[in-house]
2 protein chains.
Amino acid sequence: MNEYSSKLLETAVSELSRLPGIGKKTALRLALHILREEKDFANNLSLSIVRMREDIVFCSRCNNISDNEFCDICSNHKRDENVICVIENTQDVIAVENTSQFNGLYHVLGGVISPIEGIGPNDLSISKLIERINKEDIREIILALPATVEGDTTAYYIYKLVKEFDIEVTTIAKGVAIGEELEYADEITLGRSILNRQPFYNET
Amino acid sequence: MNEYSSKLLETAVSELSRLPGIGKKTALRLALHILREEKDFANNLSLSIVRMREDIVFCSRCNNISDNEFCDICSNHKRDENVICVIENTQDVIAVENTSQFNGLYHVLGGVISPIEGIGPNDLSISKLIERINKEDIREIILALPATVEGDTTAYYIYKLVKEFDIEVTTIAKGVAIGEELEYADEITLGRSILNRQPFYNET
């Protein structure tokens with residue numbers, strides 16, 4: 001017996017359901033939505049996917065995804081070229097950008113050191129970061145890596161390589177989230193936030 | 001400040017987030033997944049979407065979506081052409097097909113009568129159904145419409161049109177779901193299942 005009355009629909013549903021988090025039912029809902037919309041909707045969607053996959057490259061400077069040799073952030077001369085925020089991946093760049101609290105440049109590692117997943121320092125763009133420190137005029141490096149064992153290991157590894165240079169190395173603050181009740185914070189975070197307590201007037 | 005380092009990524013995320021139930025964050029996750037996969041993944045996905053949107057038509061017989069003049073179900077001569085299951089939309093055809101309990105043909109109304117949404121009998125393919133009853137050799141019509149006021153209204157409307165013909169008109173059973181505890185069934189469903197009780201030996 002046939003599940004779909006149309007092979008074209010069946011193919012589209014099967015392709016859509018290969019996307020992460022999209023099951024067969026969601027894929028069918030998306031396909032039927034595309035069928036109901038104007039043809040331009042399907043054309044624009046498809047074109048944007050193919051063009052992105054064909055033309056995106058990695059920025060020669062910061063290793064973030066880019067349309068050209070240098071990404072839009074690295075090419076923006078209004079940004080502070082003396083501060084580099086070291087980050088795991090593109091999603092994290094967007095997360096930091098969304099805060100509007102950072103106006104420097106990035107360096108995207110492409111992952112964190114993880115022996116379990118077989119990711120060592122040479123699989124990440126760490127040597128490229130050292131190259132940048134040698135060539136560019138950098139005042140500060142902010143290590144904005146995940147607050148996990150892997151993130152901490154990677155941060156420490158980079159710190160050891162970088163401390164011989166005459167630059168400031170900082171890391172993002174870890175502690176209780178803004179608006180969070182202390183009783184709901186997990187013990188490790190709350191414990192760390194006490195150990196790393198700061199002068200009261202320093203709080204912003 | 002720029003949210004994305006790449007305009008191509010930005011465009012793809014914006015197109016993907018126009019799909020129903022896909023927010024900006026999910027769209028970004030999908031786009032980055034597409035970037036990590038082989039180029040064929042993006043090409044196949046896009047091609048399947050465009051081809052579906054370009055080439056799908058409505059079946060001349062049952063009004064379901066189809067690749068040709070007659071859909072795969074209507075063209076399948078192993079199916080029982082004497083029974084028509086009247087159904088709201090394509091999703092419901094797939095739901096019935098998934099049960100493997102029906103081997104007849106379908107008739108897709110394209111909606112149900114709904115004065116609130118301004119959908120009257122003439123907006124649905126009801127006259128086409130009557131045409132089929134006149135032309136084809138039909139023994140039974142199963143009304144498998146939603147168990148809502150709109151579904152019931154539509155079923156009753158069709159029943160009145162069809163009862164003058166010498167065919168059996170049935171409707172799907174409504175009652176307590178298989179595996180459901182009576183205490184969790186809603187009152188109306190439980191009440192109906194008592195009113196519409198059946199001889200015990202009739203249960204399968």
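**Figure 1. The two domains of chain A.** In this predicted model, the C-alpha centres of domain 1 and domain 2 of chain A lie 36 Å apart. Domain 1 of chain A covers residues 7-55 and domain 2 covers residues 79-172, with bounds that come from an automatic or database domain assignment. Residues are numbered from 1 along each chain as its sequence is written, and chains are lettered from A, with ligands numbered from 1, in the order in which they are written. Because this is a predicted model, local features need pLDDT of at least 70 and side-chain atom pairs count only at pLDDT 80 or more, whereas totals for chains, interfaces and linings use all residues.

**Figure 2. The open sheet of chain A.** Four strands of chain A form an open sheet with parallel pairing, in the order 4-3-5-6; strands (E, at least two residues) and helices (H or I, at least four) are DSSP runs numbered from the N terminus, and two strands pair if DSSP finds at least two bridges between them. Strand 4 (104-108) and strand 6 (168-171) of chain A stand at the edges, each with a single partner strand, so one side of each has no neighbour in the sheet. From one strand to the next, the twist averages 25 degrees, where axes are lines fitted to C-alpha atoms, for helices over the stretch in contact, and angles run from 0 to 180 degrees between N-to-C directions.

**Figure 3. Strands 3 and 4 of chain A, with helix 4.** Strand 3 (residues 80-87) of chain A pairs with strand 4 of chain A in the parallel sense over five bridges, and A:D80 has A:G104 in strand 4 of chain A as its bridge partner. Helix 4 (residues 90-99) of chain A packs on the sheet and touches strand 3, strand 4 and strand 5 (140-144) of chain A, a contact being two residues whose C-beta atoms, placed from the backbone, lie within 7 Å. The direction of helix 4 of chain A makes about 125 degrees with that of strand 3 of chain A.

**Figure 4. The side of chain A that touches chain B.** In this view, 53 residues of chain A are in contact with 53 residues of chain B. Helix 3 of chain A gives the most to the side of chain A that touches chain B, with 14 residues.

**Figure 5. The loop at B:G118.** B:G118 lies in the loop between strand 4 (104-108) and helix 5 (126-135) of chain B. B:G118 counts as exposed because it has 7 C-beta neighbours inside 10 Å, the cut-off for exposed being 12 or fewer, with 20 or more for buried and partly exposed in between.
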